[in-house]
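Please keep the sequence and the structure in view while reading.

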Amino acid sequence: MKFMKLGSRPDTFYTTEAVRSVSSEVSSDLIIQVRGSRYLLHKFPLLSKCLCLQRLCSGSPESSQHQIVQLPDFPGGVEAFELCAKFCYGITITLSAYNIVSVRCAAEYLQMTEDVEKGNLIYKLEVFFNSCILHGWRDSIVTLQSTKSFSLWSEDLGITSRCIEAIASKVSAHPSKVSLSHSYSRRGRDDVSCNGSESQRHKNTSKGWWAEDIAELGIDLYWRTMIAIKSGGKVPSNLIGDALRIYASRWLPNISKYLHIEKQAESDHELGSTGEVTSKHRLLLESIVSLLPAERGSASCSFLLKLLKAANILKASSSSKMELARRVAVQLEEATVGDLLIPSLSNTNGVIYDVDLVMTIFEQFMLQGQSPPTSPPRSKKEFERRRSRSAENVDLEFQESRRSSSASHSSKLKVAKLVDGFLQEIARDKKLPLSKFIAIAEAIPEFARLDHDDLYKAIDVYLKGHPELNKSERKRLCRILDCKKLSMEACMHAAQNEMLPLRVVVQVLFFEQARAAMAGGQVIELPSNISELFSAHNNSSKVKASFSTNGTVPPDNKWSMAGLKSPNSKLSTLKMRLAEDEDLDENFSEVIEKSSKPNRSKSMFSKLWSTNRNASEKN
């Protein structure tokens, strides 16, 4: 890092009884008090370079021996004042990126300008700052970090803005053209293997070499720096997104622990420092959200969902959560089931996961198909103006990008698998209402779900976890299931599932028998009463579809053919239940009344069962 030395005399400052003095043959005549510290100095070297001290001394009465001057709210404290005082005495001082801001603010306070003396401290500091500090990568970052302690002074003197501009210009340039000093990125860029070839680390970090270093900045300075980088228009959006991910991983680690801390604080009715920490992290997260590039794929879906989880835990603004939900929806096919398991913070309904927030994502995903296929053309001037727009106005950009990326057919198929896996996870929640389960299952178009095996598994899990459901509720739940889209293995399991309504079991047997007959080369014509039953059912209900993921639940042992053929199988129990169960809906009761023989329905079930079983054994 760069440094500058001023003066040539040795350091002659010393301390006696808590008073700082300077060795000199001339007796001191000036007492300066800075934040509780007292300096016993001389007027001539100080007043000749400090216009502020000239005015203070001329306006204050002189005592018999010493004139006392108070310097309240002195920027930089005693350290910065002593460096300025040593400069006045010609004593050697060393300046670098670590102290230049405090000394520059102190010199401004003392008015050490060219009007007082040529070659004064302010002039020398400005030359060093512009020619050395701003030319170095690490120097610029360290200097920018130090402005936080003197925010008002640094803003008035233009130090903060000049550092930000310098950093942004270096990010836009090639790393080889940037003086990186001894930063983390320089070590990574110079990492060369023993045989002289370039290491893999360089290949991975060369494009985003700057992200780790600027992640050291606080959120206020980081936000302004990223705005300047984005306004330049030379950094790809994916590198911006990756930089935001690095920053979030550094400043939002283990965000789930705040969920436990906050719940504990609420139970103890004590917020205290926990509330302050949460508030800071909330501001940080909302700032990161405002910096997200509008382009699709600039940030991974997994990262966006992690931000959404953090936003939910930290109780971020509804606008931030909605913005994240819309961005997730644009690339939802990249998500996994685990990504969608967002903890719920509601103390009223007691559900484990925030189903409403996930439902919002699904709704936003489906809204993409209703958008125009392309965005209206823009002129070059409009494009340049758009690139220089701040992150606060990025919503319009995102809407244009979203209109040009409507959900494709293949993405809907992937999302359908995602939803079925998500349903299997949330179905275990004892407090999950039936209406929300069905709403999620019906969130996608019918064509998106090519088979209903995963949906059936989710329904099976929900039925087992909610044994209190009555007949009508179980029928309502099973209306979303299309038995024609069940595999043979799923049909075999459903046929002996005692939790399913009888109508569903009959449908499963019918379609499985029809499939077995087709496989055997002949179609068995069903009796009129059974055909009438399925005809009435098909006319009364239509099946809708839903999303799904790659994270499917592993099949239970009961799904295997060996399990179905085991002695513990409930096939005989099901046959007796089919013959004796009186849990029939109105349509099925009417079919039985139309039958000439009261016991014909039982014999038809027996015949249907035996036919299906024989066909399965032949296969």
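The points below treat confidence, then a pair of helices, then cavities. The model is predicted, and the mean pLDDT of the protein chain is 78.

**Confidence along the chain**

- A pLDDT of 70 or more is reached by 68% of the residues in the protein chain.
- Among the elements of the chain, the highest mean pLDDT, 98, belongs to helix α4 (residues 100-110), while the lowest, 39, belongs to helix α20 (residues 380-387).
- Over residues 182-205, pLDDT stays under 50, and the model has 25 contacts beyond four places in sequence for this stretch.

**Packing of helices α23 and α24**

- Helix α23 (residues 434-441) packs with helix α24 (residues 453-465) at an angle of about 175°, and their axes lie 12 Å apart.
- Because angles over 145 degrees count as roughly antiparallel, α23 is roughly antiparallel to α24.
- On the α23 side, Leu434, Phe437 and Ala441 take part, and they meet Leu455, Ala458, Ile459 and Tyr462 of α24.
- By class, this contact of α23 with α24 has 7 nonpolar residues, no polar residues and no charged residues.

**Cavities**

- Across the whole structure, a search finds 3 cavities of 30 Å³ or more.
- The volume of the second largest cavity is about 70 Å³.
- This second largest cavity is lined by 13 residues, of which Glu295, Ser298, Leu304, Arg327 and Gln331 are the closest to its centre.
- The lining of the second largest cavity comprises, by class, 7 nonpolar, 3 polar and 3 charged residues.

Methods. Residues numbered from 1 in each chain as written. Predicted model: local features only at pLDDT ≥ 70, side-chain atom pairs only at ≥ 80, totals over all residues. Heavy atoms only, no water. pLDDT = per-residue confidence, 0-100. Helix = DSSP H or I, 4+ residues; strand = E, 2+ residues; numbered from the N terminus. Contact = heavy atoms within 4.5 Å. Axes fitted to C-alpha atoms, helices over the stretch in contact; angles between N-to-C directions. Parallel < 35°, antiparallel > 145°, perpendicular 65-115°, else oblique. Nonpolar A, V, L, I, M, F, W, Y, C, P; charged D, E, K, R; others polar. 1 Å grid on protein atoms, 1.4 Å probe; cavity = no way out; pocket = protein on both sides within 12 Å on 5 of 7 lines; lining within 4 Å. Points joined across faces, edges and corners; volume = space filled by probe spheres on them.
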